[in-house]
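Hi everyone, thanks for coming.

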Amino acid sequence: MSELVFPPLLSGHPVQGGEDPFERAQSMAALGCDAGAVVYNIQADRLRVAIVFAPEVSLQDAMAMLPLCAVGFQNALGALAPPEVAVHLGWDGLICVNGAKCGQFDVAASTTEPTDFPDWLVVGWELSLLQTSDAPGDTPDVTALYDEGCADVSASQLVESWSRHMLTWLNRWQQDGNAPLHSEWLGLLQGVGEPLGEEGVFLGTDERFGMLIRNGSDTHLRPLTQLLETDR
């Protein structure tokens with residue numbers, strides 16, 4: 001696998017075989033690697049990427065890196081894919097292409113306490129490129145990128161484009177705070193205004209991207225920190 005070209009401030013770290021970039025990035029971060037390390041694994045049927053951040057804010061504020069990376073991904077794929085391809089995001093990190101699940105974002109940090117300042121935070125994402133199921137028609141709610149008219153979008157091109165769009169949003173977030181990112185992300189979110197089983201209705205998100213759920217006359221908040229990976 002040839003190494004990719006990243007913008008300044010980012011460094012590429014390819015891994016191969018079955019190695020998980022999300023796990024590798026966490027290990028690198030714990031050992032003190034520089035922020036901006038991008039670990040990636042490009043296989044025939046799937047693409048996996050992770051990036052290391054070194055936040056200078058509390059965890060509850062640093063969690064903005066999850067929607068930031070997701071919006072960067074949507075912008076990147078939206079620019080590379082044919083115009084009829086729709087890319088949407090789930091609050092829990094889901095990546096949907098033309099209404100079907102195609103990938104997932106995950107996030108981990110050195111702490112799970114919202115008010116702590118984490119030593120590091122890692123955002124990872126994976127995308128299905130080809131379906132390997134013998135009967136993909138049995139799961140119409142699951143898809144792969146190349147099944148949705150994106151056969152000309154190379155995985156390498158997508159990772160490089162994502163890194164540029166992500167950095168653009170990072171710079172904007174550092175200058176303007178959450179508001180522009182929040183507006184962009186909310187416009188891409190699936191399920192706003194729809195019921196969440198017996199929990200209530202997904203109203204939208206608060207200024208820190210937490211999920212607002214209304215049940216009858218009560219509204220409660222599910223903070224983004226609930227999505228942190230804690231079992232790795």
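Let's start with what surrounds the largest cavity: its lining has 6 nonpolar residues, 2 polar ones and no charged ones. Here Ala, Val, Leu, Ile, Met, Phe, Trp, Tyr, Cys and Pro count as nonpolar, Asp, Glu, Lys and Arg as charged, and the others, Gly among them, as polar.

A quick word on the source: this is a predicted model, where local features need pLDDT of at least 70 and side-chain atom pairs pLDDT 80 or more, while totals for chains, interfaces and linings use all residues. Residues are numbered from 1 along each chain as its sequence is written, and side-chain values use heavy atoms, without hydrogens and water.

Who is in that lining? Leu-66, Pro-67, Ala-70, Gly-90, Trp-91, Gly-93, Phe-105 and Trp-185. Helix α3 (residues 65-80) gives the largest share, 3 residues; helices are DSSP runs of H or I, at least four residues, numbered from the N terminus.

By cavity I mean a set of points on a 1 Å grid over the protein atoms alone where a 1.4 Å probe fits but cannot get out; lining residues have an atom within 4 Å of a point.

Now the cysteines. How many disulfides are there? The structure has 0, taking a disulfide as two cysteine sulfur atoms within 2.5 Å. For Cys-96, the closest cysteine sulfur, in Cys-102, is 8.7 Å away, so too far for a bond. Cys-150 is in no disulfide either, with the sulfur of Cys-102 nearest at 8.1 Å. Cys-150 is buried at 1% relative accessible area, buried being under 20% with a 1.4 Å probe and protein chains only.

Note on methods. 1 Å grid on protein atoms, 1.4 Å probe; cavity = no way out; pocket = protein on both sides within 12 Å on 5 of 7 lines; lining within 4 Å. Helix = DSSP H or I, 4+ residues; strand = E, 2+ residues; numbered from the N terminus. Buried < 20%, exposed > 50% of the residue type's maximum accessible area, 1.4 Å probe, protein only.
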